[in-house]
Amino acid sequence: MDHTRTPLLTRPPIRPIPADMPSLIGLKRDQLTVIGLYAVIDPKKSKHGTWWVCRCTCGAYALRRTQKLKKPGHDACVRCHAAAAGQSPGT
Ligand SMILES: [Zn+2]
């Protein structure tokens, strides 16, 4: 399953945050708010960090890595991105 392109309309599984990991729960990046930890990535295998489950203002979910969440900028779920890109007036 490609989580980066398919809208997540049901909440992905959330796992407990390890004691030695800083929690990003509650962190907001534009339309997304972090609601839980999705997957811990071994830093030796990937330098982009951990995956977090985020909730969009539209109610859908999205997965984001720590590195991306800490950069300011516009962000939203796939559905909102698609709507913003291909919106026709009057719908
Ligand atoms: Zn959205």
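Two residues are taken to be in contact if their C-beta atoms, placed from the backbone, lie within 7 Å. The structure is a predicted model, in which local features need pLDDT of at least 70 and side-chain atom pairs count only at pLDDT 80 or more, whereas totals for chains, interfaces and linings use all residues. Residues are numbered from 1 along each chain as its sequence is written.

The protein chain averages a pLDDT (the predictor's confidence in each residue, from 0 to 100) of 88, and 91% of the residues score at least 70. Where pLDDT is low, the predicted coordinates should not be read in detail.

The secondary structure comprises two helices and four strands, with helices (H or I, at least four residues) and strands (E, at least two) defined as DSSP runs numbered from the N terminus. Along the sequence, these elements follow the pattern β-β-β-β-α-α. Confidence is highest in β3, at 97, and lowest in helix α2 (residues 78–86), at a mean of 88. Taken along the principal axes, the C-alpha atoms fill a box of roughly 50 × 25 × 25 Å.

The four strands form an open sheet in the order β1-β2-β3-β4, with antiparallel pairing; two strands pair if DSSP finds at least two bridges between them. β1 (28–29) and β4 stand at the edges with a single partner strand each, so one side of each is left without a neighbour in the sheet. Two bridges join β1 to β2, and Arg 29 stands opposite Leu 32 in β2. Five bridges join β3 to the antiparallel β4, where Ala 62 is the bridge partner of Cys 54. β3 and β4 form a hairpin with four residues between them, and Gly 59 in the turn has a positive phi of about 105 degrees.

A residue is counted as buried if 20 or more other C-beta atoms lie within 10 Å of its own, exposed if 12 or fewer, and partly exposed in between, with C-beta atoms placed from the backbone. Buried residues make up 20% of the 91 residues in the protein chain. A nonpolar core is a set of buried Ala, Val, Leu, Ile, Met, Phe, Trp, Tyr and Cys residues joined through C-beta atoms within 7 Å. The largest such core has 15 residues, of which Trp 52, Cys 54, Cys 56, Tyr 61, Ala 62 and Cys 77 touch the most other members. At least two residues of this core come from each of β2 (32–39), β3 (51–56) and β4 (61–65). Beyond its neighbours within four places in sequence, Cys 56 is in contact with Gln 31, Leu 32, Tyr 61, Ala 62, Ala 76, Cys 77 and Cys 80.
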